[in-house]
Amino acid sequence: MTDNVCCIDGRMEACGNWPDGLYVYQNIRTAGHEPLYLDRHIACLRHAAREVTGRDPEIDTAGTARDIAELLRRNNYPTAVQSQVIMRWYASGHLLLAGGEISPYREFGLRSIYPTAAVVTYDNPLSPHPTSAREALAAIARLRAASAGARIAIQADSAGLVVSAGNAPIFTVREYTVTTPPAADSVERSLVIEAVRKAGLQMATADIAVADLDRADEIFFIDYRGITSIGRCGSRAYMHILTERIAENIR
């Protein structure tokens, strides 16, 4: 969707004049024009800013919620569906809010697509947090995966350990245990961990080797669009039975 207005430091401005430079970011899902888990997203953004830049931005939750609602209203986002808002805090001190994708899904659940994935090996620059640098690397990885006929790039590091699906938290399911690699805290990651426990399954945080992907029954990741179950990686096809059960427990 093309926006006419974005919000910079609490002011509604015409899009096209975004700040430059390094930033940390969050992708926020909205229900109608109301941001979901906004306080948790702001906490993650501030933590990332402290780790990456050494600064702790002051961001007012109530004021940001009002700005998001006004941003979506001015850009004519429909209230009957859910949509994405991009929140970036720049090292220069600017806070940007911009509209993103409209979601056809009313719930934060399992998406109806089961894409093919390919493993792409690269190391994150300096920080595990969502930054502009990581975003650029993930874009390159998507191109590498596409050249192999896959839509999703599963990131592995130079030690052969799985890191993420693009920049999204990744999970494997084997029998009744769900495993995710150690990673920076994120709203979406915490939602899955909570949902796994609600579903009565075992949750583990442990290294996942690339070879472990062939032994998994299911692989999925979560971002602002919901849970996406991987259909195939290489020659290995996956189910999504327990993934669907986990998705049903996200609230």
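User: Which residue in β15 is the bridge partner of Ala117?
Analyst: That's Cys233. Strands here are DSSP runs of E with at least two residues, and helices are runs of H or I with at least four, both numbered from the N terminus. One caution first: this is a predicted model, so local features need pLDDT of at least 70 and side-chain atom pairs count only at pLDDT 80 or more, while totals for chains, interfaces and linings use all residues. Residues are numbered from 1 along each chain as its sequence is written, and side-chain values use heavy atoms, with hydrogens and water left out.

User: Thanks! How many bridges join β7 to β15?
Analyst: There are 2, and the strands, residues 116–121 and 232–233, run parallel. Two strands pair if DSSP finds at least two bridges between them.

User: What's the strand order in the sheet?
Analyst: The open sheet has 5 strands, in the order β9-β8-β7-β15-β16, with mixed pairing.

User: Is β8 buried or exposed?
Analyst: Mostly covered, with 5 of its 5 residues buried. Buried means under 20% relative accessible area, exposed over 50%, partly exposed in between, using a 1.4 Å probe and protein chains only. Ile152, Ile154 and Ala156 are on one side, Ala153 and Gln155 on the other.

User: How does β8 pair with β7?
Analyst: In the parallel sense, over 5 bridges. For example, Ala118 has Ala153 in β8 as a bridge partner.

User: What about β8 and β9?
Analyst: Those two are antiparallel, over 3 bridges, and the bridge partner of Ile154 in β9 is Ala165. They form a hairpin with 5 residues between the strands, and Gly160 in the turn has a positive phi of about 85 degrees.

User: Switching topic: where is Thr180, and why does Thr180 count as buried?
Analyst: Thr180 is in strand β11, residues 177–180. Thr180 counts as buried because its relative accessibility is 1%. Leaving aside neighbours within four places in sequence, Thr180 has contacts including Phe171, Arg189 and Met203.

Note on methods
Contact means heavy atoms within 4.5 Å.
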